[in-house]
Amino acid sequence: AIRRVEREMLEGSRDYAIVTGMQSVDGDTAQVPPQIAEELGIAHIAYAQGLRREPELTIRRIAAEGTEDVKPKCLPVLITLTAATEPLYRSFAAAREARIAEIHEWDSASVEADRTRIGLKGSWTQVHHLFSPSEARTKDCEFVSDPAELVARIKALYAAAGEAVIADGVEDGYQLGDRDPTYHGEFWVYAEPEGDGVRSVSLELVGVARGLARPLGEKVGAVIATDDAGTRPRSLIAAGADVVYVVEHPLLSGFDPLYHKDALAQVVQAYRPQAMLFGASPLGRELAPRVAYACRCGLTADCTKLEIGDYQKGSVDLVGVLQQTRPALGGNVMATIMTKDSQTQMATVRPGVFRAPTPDPQRSGEIVRPEVELDVSGVCLIKTPVESFASTVSIRDAEVIIAGGHGFRSKADFDRHLNPLAEGIGHLLGADTKVAASRMAVEDGCTTHDFQVGQTGQTVQPRLYVAIGISGAIQHITGMQGSDVIVAINKDPKAKIFEYADLGVVGDIETVIPALTQALEVQA
Ligand code: FAD
């Protein structure tokens, strides 16, 4: 359709930009816009927060470590906006303009779409199973009313959680037997550079890939694309990679998605891994859709669970394939998805869902240096950093998180109750403790989005998560249910949050929190 607009309405002019939303609420994958850019062979500017047209087109966007201004060097360009501006409301003037605007209705035939590549049949992925997120519930909440007893129970559960053995997060037990699996080859992880090292989500994924590759007897590969790999291959081997593919090229110094996509697509096509995992970081979510599209492979976004399994239905018979589970329809259902008609099964995985394996510096592995050819005409974006988030406190690594929700009536109440409580619990447990929030509390202005836990915030897995005045909406739960110990405080005994909690207190914030803070002072 865009090609037809260019041809017929713009009379062949390439002087335009395409603006899209970042993601739909139902699919929520954010992968269609970058794949459209890949199809059209143009640059894509993701996570845009706003744009200026004068004196030249400049887009302000969220980058991996801050905010930056980006100018496209050539047009067309595809821009995806995220939580960008105030919603536009209907005005008289705009409504009048809309009435006289021409509306064209096109179908797949009028845009000459290839029918084998559209709709369900054209999809490179297939939903295997839909289920309610509540099926994942495992906890029986123990209700406590005495503050001193609550402190003692928190202390005991916190100590026990520290002793638990941390596995790679992949369920063992898949038996291949003497069957031939549908896919063959290594399990790969895209190793995202961060400073001189590797982003923690990539190390988490190396651990996951080990668990997935084990029952199939395959190796784990990590691929790094940069101008200078430094000591990163060693740390990837220490984390569990058997082979590290190092693609070094001067054009891979910054992050220009077109170069990185080219480099990764070439090595994927040359070495044909059976699976490739990307962290669902801003960079990974931009890169993975383009690599998948360039390699004609299916991609499942934002997975929260990965396992090996079989799938039989009608003439489809898949053996030992990657089952990719993710929240769908705004988090109200969970979908397990499988890749079909693809060389490599690809998925992005949210940071913090799995735990990084303990590095073993003694491990040995192979380093392979594939050659790639990069097309220099791909330089399309000029970037100027505006603000760096480098010093921002991250809640993702905290051992203890005290999260507040809409139950707090104001920011003043939020701060007045939660800061002393976090200090008291941190002191009692000798743990790094951070205050976080539900999306409603962020929207109420209690704190900023960096501290939001949940589907559209951070995924956290602390040893202790205390949810106060939070109802337990599934979009919040998906961001914190991996915590070792969950404590919920809520005045509504029927609040959903208790279904996910180990310990619960039914009561009002105004009475429970001061009493708990006081009990902590006594016990500390
Ligand atoms: P509420 O649901 O209003 O709950 C407040 C709770 O506080 C209630 O249970 C109430 O009983 C209790 N309470 C009230 N007063 C008191 C008191 N005095 N003492 C004790 N308890 C009290 N949400 C997220 O958190 N993170 C996300 O990332 C996220 N992403 C989303 C993405 C999508 C696509 C959608 C559709 C929604 C998303 N949401 C997210 C929103 C989510 O659906 C809920 O609306 C939100 O989590 C509710 O926040 P809350 O629990 O703080 O507020």
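**Pocket, then sheet**

I started with the second largest pocket, which has a volume of about 1,600 Å³. For a pocket I used an open set of points on a 1 Å grid over the protein atoms alone, with protein on both sides within 12 Å along at least five of seven lines; lining residues have an atom within 4 Å of a point. The volume is the space filled by probe spheres set on the points, with a 1.4 Å probe.

This is a predicted model, where local features need pLDDT of at least 70 and side-chain atom pairs pLDDT 80 or more, while totals for chains, interfaces and linings use all residues. Residues are numbered from 1 along each chain, and side-chain values use heavy atoms, without hydrogens and water.

I found 47 lining residues, and V32, Q35, R117, I118 and G119 are the closest to the pocket's centre. Helix 2 (32-40) gives the most to the lining, with six residues. Helices (H or I, at least four residues) and strands (E, at least two) are DSSP runs, numbered from the N terminus.

Next I looked up the sheet: seven strands, open, parallel, in the order 14-18-13-8-11-12-19. Strands pair if DSSP finds at least two bridges between them. Strand 14 (299-303) and strand 19 (366-368) are at the edges with a single partner strand each, so one side of each has no neighbour in the sheet.

I also checked strand 8 (187-190) against strand 13 (275-279): they pair in the parallel sense over three bridges. There, W188 stands opposite M276.
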